[in-house]
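Colleague: I am new to this structure and would like to go through it with you step by step. Could we begin once the sequence and the model are in view?

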Amino acid sequence: MGCEKVLVLTFLVAAAAHASAYSMQMQPLMASSADNKVSLSVYYESLCPYCANFMVNHLLKIFQTDLINIVNLRLIPWGNTQIQSNDTWICQHGVDECQLDVIEACAINSWPRVETHFKFIYCVERLHLMDKHTQWQSCYGANNLDQTPVNNCYNNGHGFQLEMAYADETAKLNPRHRFVPWVVVNNVPLQEDFENFIGYICRAYRGNKVPKACAR
């Protein structure tokens with residue numbers, strides 16, 4: 001189903017922690033009214049295998065079709081992480097996950113254009129599925145991205161602040177998430193049916209420019 005709420009290792013957030021190339025084929029982004037766009041939010045953890053599988057083998061489809069033209073995609077890398085009273089995080093898949101959650105939060109912040117930060121996150125998650133997540137830094141070069149803004153975000157503490165905001169947002173989900181990936185379309189959680197998110201997007205769209213992907 002997904003990564004359940006089981007906690008393992010800790011990550012001291014107060015301390016600053018000092019792939020194979022894969023080119024995503026994307027459809028060109030066309031102009032669309034923001035008012036008509038469908039909100040698609042994905043609450044996940046960077047090293048959850050179910051999350052990685054969803055991003056690499058399912059979520060990618062919105063970029064390979066014209067669906068991205070009607071979707072406002074948000075990625076929220078926090079999931080089942082817990083904050084302890086001594087300012088440590090407990091991450092479900094260990095210390096590496098805590099670090100990569102911050103890195104991916106920084107990527108989203110540093111490259112606001114969804115096509116750009118998704119390419120990087122997709123690369124990291126694909127490496128994870130290949131048991132090579134420790135090679136995540138190769139995703140900068142594989143996608144011709146400058147790592148400087150992400151490094152600065154990570155090292156100056158801004159990434160920690162971003163994660164605190166994601167933690168707060170995740171905690172306020174109603175109903176609360178029971179596993180990750182937790183996929184929400186226009187504020188409606190898809191629960192166990194998250195892999196069928198495209199159908200929910202198409203049914204939720206109220207605009208005039210119906211994408212070809214919804215006519216199939």
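Colleague: Is Arg 74 buried, partly exposed or exposed in this model?

Modeller: This is a predicted model, and the answer rests on the relative accessible area computed from it. For Arg 74 that area is 30%. Buried would require under 20% and exposed over 50%, so Arg 74, with its 30%, counts as partly exposed.

Colleague: Which residue forms a salt bridge with Arg 74?

Modeller: As a general point, side chains of opposite charge can pair when their charged atoms come close. Here the closest N and O atoms of the pair are 2.8 Å apart, and a salt bridge is counted within 4 Å. The partner lies in helix 7 while Arg 74 lies in strand 3, so the pair ties together parts that are 95 residues apart in sequence. The partner, partly exposed at 23% relative accessibility, is Glu 169.

Colleague: How many salt bridges does the count come to?

Modeller: Besides the pair of Glu 169 and Arg 74, the count includes Glu 192 with Arg 178, whose closest N and O atoms are 2.9 Å apart. Glu 192 lies in the loop between strand 7 and helix 8, and Arg 178 in the loop between helix 7 and strand 6, so this pair ties together parts that are 14 residues apart in sequence. Also among them is Glu 115 with Arg 113, at 3.8 Å between the closest N and O atoms. The count comes to four.

Colleague: Which strands stand at the edges of the open sheet?

Modeller: The open sheet has four strands with mixed pairing, and their order is 3-2-6-7. An edge strand has a single partner strand, so one side of it is left without a neighbour in the sheet, and this applies to strand 3 and strand 7.

Colleague: Which helix packs on the sheet by touching strand 2, strand 3 and strand 6?

Modeller: Helix 7 also packs on the sheet, touching strand 2 and strand 3, and its direction makes about 105° with that of strand 3. The helix you ask about covers residues 49-59, and its direction makes about 145° with that of strand 2. That helix is helix 1.

Colleague: Which residue of strand 6 stands opposite Val 42?

Modeller: Strand 2 and strand 6 pair in the antiparallel sense over four bridges. Both faces of strand 6 are covered, with Trp 182 and Val 184 buried on one side and Val 183 and Val 185 buried on the other. Val 184 has its bridge partner, Pro 189, in strand 7, whereas the residue opposite Val 42 is Val 183.

Colleague: How is helix 3 oriented towards helix 4, roughly parallel or roughly antiparallel?

Modeller: The two helices pack with their axes 9 Å apart, at an angle of about 160°. The contact involves residues including Leu 100 and Ile 103 of helix 3, and Phe 120 and Val 124 of helix 4. Helix 3 passes helix 4 in a right-handed crossing. Angles over 145 degrees count as roughly antiparallel, so with about 160° helix 3 is, relative to helix 4, roughly antiparallel.

Key:
Residues are numbered from 1 along each chain as its sequence is written. This is a predicted model: local features need pLDDT of at least 70, side-chain atom pairs count only at pLDDT 80 or more; totals for chains, interfaces and linings use all residues. Side-chain values use heavy atoms; hydrogens and water are left out. Two strands pair if DSSP finds at least two bridges between them. Contact means heavy atoms within 4.5 Å. Axes are lines fitted to C-alpha atoms, for helices over the stretch in contact, and angles run from 0 to 180 degrees between N-to-C directions. A salt bridge is a side-chain nitrogen of Lys or Arg within 4 Å of a carboxyl oxygen of Asp or Glu. Buried means under 20% relative accessible area, exposed over 50%, partly exposed in between (1.4 Å probe, protein chains only). Angles under 35 degrees count as roughly parallel, over 145 as roughly antiparallel, 65 to 115 as roughly perpendicular and the rest as oblique. A crossing is left-handed if the near helix is turned anticlockwise from the far one by less than a right angle, and right-handed if clockwise.
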